[in-house]
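Here is a short note to go with your first look at this model. Please keep the structure open beside the points as you read.

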Amino acid sequence: MIQERKKHKLSEYKKFLDKKFKGVETKMSSNGKFYVSDSNGRNIIGNKYPDLALAPDVYTAYKNAYIIEHWNRMEARQV
């Protein structure tokens with residue numbers, strides 16, 4: 001049950017991020033942690049939130065990128 005829910009949420013995260021950033025893909029850093037990159041190969045999260053930039057698994061990497069994108073939209077509205 002939990003595995004099915006994680007797969008469903010992962011597909012939602014991927015779909016949302018792919019609409020926002022064309023060419024999104026998962027990459028592994030040299031220390032074995034995962035991150036979500038744009039079409040240029042740069043980490044979507046960037047340097048603003050360094051603790052969330054790298055994740056231990058693919059699901060967490062997409063979840064972090066989704067959350068950060070949500071935070072960025074909230075900050076943009078408050079300005």
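1. A term to start with: a residue is called buried when its relative accessible area is under 20%, exposed when over 50%, and partly exposed in between, using a 1.4 Å probe and protein chains only. By that rule S37 is buried, because its relative accessible area is 0%.

2. A word on where this comes from. The model is predicted, so local features need pLDDT of at least 70 and side-chain atom pairs count only at pLDDT 80 or more, while totals for chains, interfaces and linings use all residues. Residues are numbered from 1 along each chain as its sequence is written, and side-chain values use heavy atoms, with hydrogens and water left out.

3. Now the overall layout. The chain has three helices and two strands, in the order α-β-β-α-α from the N terminus. Helices (H or I, at least four residues) and strands (E, at least two) are DSSP runs numbered from the N terminus.

4. Next, the dimensions. The C-alpha trace spans about 40 × 30 × 25 Å along its principal axes. Buried residues make up 28% of the 79 residues.

5. Which residues make up the largest nonpolar core? There are 12 in all: L10, Y13, L17, V24, F34, V36, I44, A55, Y59, A61, Y62 and A65. Helix 1 (2-20), strand 2 (34-37) and helix 3 (58-78) are the elements giving two or more residues to this core, and helix 3 gives the most, with four. Such a core is a set of buried Ala, Val, Leu, Ile, Met, Phe, Trp, Tyr and Cys residues joined through side-chain atoms within 4.5 Å.

6. Back to S37, which lies in strand 2. Beyond its neighbours within four places in sequence, S37 is in contact (heavy atoms within 4.5 Å) with G23, V24, E25, K27, R42, N43 and I44.

7. Finally, look at A53 in helix 2 (residues 50-53). A53 counts as buried because its relative accessibility is 11%. Apart from neighbours within four places in sequence, A53 is in contact with F34, Y35, N43, I45 and G46. The C-alpha atoms of A53 and K22 are separated by 19 Å, and the two residues are 31 residues apart along the chain.
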